Amino acid sequence: MNLLKGTVAGLAMTVGLAASAQAAELSGTLKIFSDMSNPAPRAVIEQLAADFDALHPDLTVELTVIDREAYKTQIRNFLTANAPDVANWYAANRMRPYVSAGLFEDVSDLWQEPEIAENLASTKGAMTLDGQQWGVPYTYYQWGVYYREDIYKELGLEEPKDWEGFKSNCQKILDSGRKCFTIGSKFLWTAGGWFDYLNMRTNGYDFHMALTNGEIPWTDDRVRATFAHWRELIDMGAFIDNHQSYSWQEALPFMVNGEAAAYLMGNFAVAPLREAGLTDEQLDFYQFPAINPDVELAEDAPTDTFHIPSGAQNKEAAREFLRYVVSADVQTDINGGDKLGQLPVNSASSVDDDEMLNQGFEMLSSNSPGGIAQFFDRDAPAEMASVAMEGFQEFMVFPDNLDDILNRLEKTRQRAY
Amino acid sequence: MSDRLMPQSERAPSWIRRNRQAMAPFLFLLPGVLFFLFYVIFPVIQSFNLSFYRWDGLGEPVYVGLENYTELMDDRAFEVSLWNNFKWLFLYLLAIPAGLAIALFLNQNVIGIRLYKSLFFFPFVISQVVVGLVFSWFYDPSFGLLNQILGFFGFGTLNVLGDPTLVTYGIIAAGLWPQTAYCMILYLTGLNAVDPEQVEAARLDGAKGLRMLWYVIIPQLRPATFIAFVVTIIGALRSFDLISIMTNGGPFGSSRVLSFYMFEKALSEYGFRMGYGAAIAVVLFLIMLLFIGYFLWSMYQEEKGGR
Amino acid sequence: MFPRPIQKSSRAWAATYQALIPMALVLWLLPLIAVAVFSIKPDADFTTGNYWGWPSAFKGFENYGKVFFASDMPRYLLNSVFITVPTVIGAVALSCMTGFALGVYKFRGNLLLFFMFVAGNFVPFQILMVPVRDLTLDLGLYNTKTGLVLFHVAFQTGFCTLFMRNFIRALPFELIEAARVEGVAEWRIFWYVVLPLMKPAIAALAVLIFTFIWNDYFWAVVLTQGAESQPVTAGITSFNAQYRAAYHLMSAGSIVAALPPVAMFFLMQRHFIAGLTLGAVK
């Protein structure tokens, strides 16, 4: 078995080498627009651009880094008006408007190449719309419950394996005068994470995908079951007060100060938590536990991507850049703890030896049989996502408004799809 | 100068010479009017037009007739925004009496009064972005000054910006701060021009205090009141910065107003429903049109009187 | 004078009044004073919960140093200057001409044109948002300072025309008549006769427009993105994202952003107030 794997990898290496040898003749300029504007990602994309430039002497790489938030609206303008050769974006339904408008290049050919086909198979689904692939991923990260190990020890708690354990842990935390979970829902999407997990654990991955695809009414009883579970936590007082006033960063201090014991978040929360002074003894991670035992576990693992705009001038170089970014070594390098600190998309890469990343990688590769979702606002179309996440926030503050909220979401569903 | 000019104008072709005075205003107006048409008047018309289309800013717009408007009728978020707009309109007008009160308080001749006046005016000069930041700290549920004060008097904490019933009032209060300063300066100037003889005459008749204010002073402050009214109404309907900074429309959309909602629908991360956004803008415009009509009408009356 | 001058009232009341003013002022400016105090605090004060107390140490230099040398703030400030100054020049220049035309000449449609400017100035500018954004995109000026300046000039021309026209209306018309009798060309009348008389109005408008444009946030968000073109009002939000919950730095940044119009106001106060209150007195 191992031998076979080795051969495949070796083969892939040769193909990769052949590809880059051929690509040495690339010329002209390669324009990259990137949203990797935070300090660590910025260093990564700058290095990628510089290395790729050095690799191809006749090619000039021009990199423009745009503020990550601003990029989300700006991409509409530059894709139509002044397209670069390579652009960042997100996987799944977030690609839909640009794919439908014909602004992203179909890169299914890349996905036929053995190296990509073999090693990126796990993310292929997220890059596929209408049966074609529209880009390549460069990183992804797990979601799950980050918790204060020291508080759990102090109270004698174990990582919960099921919903009852989850709630009884929470009750003990509440009894000790703390809140179970911190969350800042001012910008809404954090509540989307809670919905994703509760719904995937209650109704399963396929149901969740059907729901975000608009195939199931929001007033369905199964959706209500999800909210009923959520309500159990809300009625216990599990979440911090006034979360609607905080951003996700502003909610971090509650966990750092020990006023809340855990945070359902993406792995990007680890860095600021460590910076704020939490040590590895204080911080740990567990997978969101099962609620309905008949449902296979599924996870959120948002994938960030590179695409070639249809209006790109140098598509040959752009394709080569995409190959370069997903290659095993580059993937190992850029996702390392000193760089992005996330998970590589190439299965031949190695995961940085980090407590959280190891657990996340383990979880996603072996304990997520149900499937891997992107995230609520990437799986659902924009209009549905914004109305729904607003409803989630309202539900967390006024759970009694549920009927009203669901009717509103249902009306939006009928309109938006 | 005229010596040099005379022969020149004689040499000039007679048509230009005859029509010079008639032509001149149009040449002077041309650049300004073009700019204004291009960037203000046409866009208003375009927005009206766009409101009958469905368009995501990427593909071709699709004509949908009144669909956007019928959807508005049934859109709760729109209803909330519209209602909030009315709250803004009415409560923002408080800036006028408040500004008058401060102006009356400061209308004295004591040492340093000029400095006091300008310091009182200060809030108007700083940008609304900063005002918004300052007030969101003031309201912060965990450390805000407001809750410190409430706590001092033994009241429980209040999360003004997180409470859907309070949030709009909280933002309006922040907006009133600079707006009151503006009205104050208008009234200070107005008070300067109040006819002292009339005041003295009224004093001899025994008028003082509130009666004096109501029957003698306020009528004389009419022009100041008119301008204060105009700028306050415009400010109320344009309110965007504070909402965007302080709450981003939340919690769950309860602090939106039309101008913010249309921005959200048209240009925000999850938006790009250009036609729908335009329809919201048209509604806002129609509300404003009532006031614009009133302003123009009173200006027209004045112009007629002035001739 | 109303209310009755304090000097004519009882001494006790006069003294009370003198004491009352500074107290009222402190109360009025309390939020600002808090921010000023925030901006010189060490960050330790925020973790220990000393939000509203006296700073435990003076860290003004460090905080402001960070704002100026470790962030995009200088760039945003510079952008603001490059957006504000051309707008002021453009809008004042255009409106001097339109104001002159509408204030001096009698022709059909004069009042109509004037009202067009006035009405346009009152329009809720959100209605312009989508078309103006598309227009700017089509011109290739999206996310450029030029695009922002062009729009600001056009929109401010409405207000400036209203202002200039009313000002010119109040000038002695005989001067213009006299020049005409001598056969002076119209543009020379504008340049040599009227413009010098308009200096106070130009100063007032310039100061006012400077403040308006400097403080503009909405159009900055709609028409620009990113540090290469955004003015400081929009920049402060990404500055705040960078230093989230670092209140001392956010405060220092806010104060830096607010400073230029404040300085303008104090230096040019007379003109500023003249500009704002034009028409408040009749």
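Two residues are taken to be in contact if their C-beta atoms, placed from the backbone, lie within 7 Å. The model is predicted, and local features need pLDDT of at least 70, side-chain atom pairs count only at pLDDT 80 or more, and totals for chains, interfaces and linings use all residues. Residues are numbered from 1 along each chain as its sequence is written, while chains are lettered from A and ligands numbered from 1 in the order in which they are written.

Chain B is touched by chain A and by chain C, as tabulated here. Ala, Val, Leu, Ile, Met, Phe, Trp, Tyr, Cys and Pro count as nonpolar, Asp, Glu, Lys and Arg as charged, and the others, Gly among them, as polar.

| Side touching chain B | Residues on that side | Residues of chain B in contact | Classes |
|---|---|---|---|
| Chain A | 21 residues | 18 residues | 7 nonpolar, 7 polar, 7 charged residues |
| Chain C | 80 residues | 86 residues | 60 nonpolar, 17 polar, 3 charged residues |

On chain A, helix H3 (68-81) and helix H19 (382-397) are the elements that give two or more residues to the side touching chain B. H19(A) supplies the largest share, 8 residues. Helices (H or I, at least four residues) and strands (E, at least two) are DSSP runs, numbered from the N terminus.

Chain C has 15 helices and 0 strands. Its radius of gyration, taken over C-alpha atoms, is 24 Å, well over the 19 Å that the globule rule (2.2 Å times the number of residues to the power 0.38) gives for 282 residues, so chain C is more spread out than a compact globule. The C-alpha trace of chain C spans about 75 × 65 × 30 Å along its principal axes.
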